[in-house]
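Here is a walk through one protein model.

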Amino acid sequence: MAMKRAGVSAISALCSSPNLTRGVHSTAGSKKIVGVFYKANEYAELNPNFVGTVERGLGIRDWLESQGHQYIVTDDKEGPDCELEKHLSNLHVLITTPFHPAYVTAERIKKAKNLQLLLTAGIGSDHIDLKAAAEAGLTVAEVTGSNVVSVAEDELMRILILVRNFLPGYHQVINGDWNVAGIAHRAYDLEGKTVGTVGAGRIGRLLLQRLKPFNCNLLYHDRIKIDPELENQTGAKFEEDLDVMLPKCDIIVLNTPLTEKTRGMLDKERISKLKKGVLIVNNARGALVDTQAVADACASGQIGGYSGDVWFPQPAPKDHPWRYMPNQAMTPHISGTTIDAQLRYAAGTKDMLDRYFKGEEFPVQNYIVKEGVLAPQYQ
């Protein structure tokens, strides 16, 4: 009830704020929409459904231009002379993606005088300064649910890769080696292990369901408990205190949004209290952990394996310590941008643009910032 009352008072205060001058509803006339995506390059023509790229721009160019709107797509997002900066002053809608994030800072928001709507093609809008967006009266929305299956499946894959010590075996094969002992000395079964998810939202719940057949001991920590029926179905146990849950785990999976409260949550001190040789999967956000602390713990053996597809910043620089630390199974940010996921978040983005042009509300679960108020997971 306290949170509900705080939300109501926050809405009342912010809705009366003089800063709230830019609403979600489109005004009449042609709009300038800018999309920032990764380039497909030579892979663009290999799959007609490869839509989440600069080359295909979510597949919405013809639709937008047939209605008289201007659509600019680019991958150039860094520095004062980048392509994105050239369009900030007169764009109305900015579409970004977590896989090639255009960092929408307070400074950029201030420059974008005509900006009304920030859309995330995918899930996770922490690359946007949400507080600045709220203060400017902008609407921020994402395609909630569009890639949750994709990410949960990827997490399960990474758990198995780490538990079975898969990568050294793969490297032996391509290097012409054959050393069973070099793999088997730290390969285990997943059955019977304690797996804890930090966060049990849409992705966390799907992961728990997918882990059930492996007969693991499942734990979860979140702001609120999951549905009792799902608890019974998965056998997952709620852990109210994160610092009580983490040392119990053989495997930890991070599934929580990046906020000021969760930033750096897995730091040197917390890592030191984990089981020696713990395995960690992080497909949530790289900044949830202390980068150097993870690298040091992998080197010392305190962390037995670390896998994920999220880094900070993104793209990761060539000298990022995670590229070179032992016992890692890192990839670029790919888990949520399968072809199936791209089709879903492209359709969801188009639907919200259509609603924006018509002055209609979005699906309520898609709002991240609305009328100056942040969604609960970002508060």
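Strands (E, at least two residues) and helices (H or I, at least four) are DSSP runs, numbered from the N terminus. Two strands pair if DSSP finds at least two bridges between them. This is a predicted model, in which local features need pLDDT of at least 70, side-chain atom pairs count only at pLDDT 80 or more, and totals for chains, interfaces and linings use all residues. Residues are numbered from 1 along each chain as its sequence is written, and side-chain values use heavy atoms, with hydrogens and water left out.

Start with confidence. pLDDT is the predictor's confidence in each residue, from 0 to 100. The chain averages 93, and 93% of the residues score at least 70. Over residues 1-21, pLDDT stays under 50.

Leucine 118 stands opposite valine 140 in β5.

Another open sheet of seven strands has parallel pairing, in the order β8-β7-β6-β9-β10-β11-β12. Its edge strands are β8 (237-238) and β12 (328-330), and each pairs on one side only. Three bridges join β11 (residues 303-308) to β12, and the two run parallel. Glycine 308 has methionine 330 in β12 as its bridge partner.

Finish at a helix. Tyrosine 170 lies in helix α7 (residues 166-174).

Definitions and conventions: Contact means heavy atoms within 4.5 Å.
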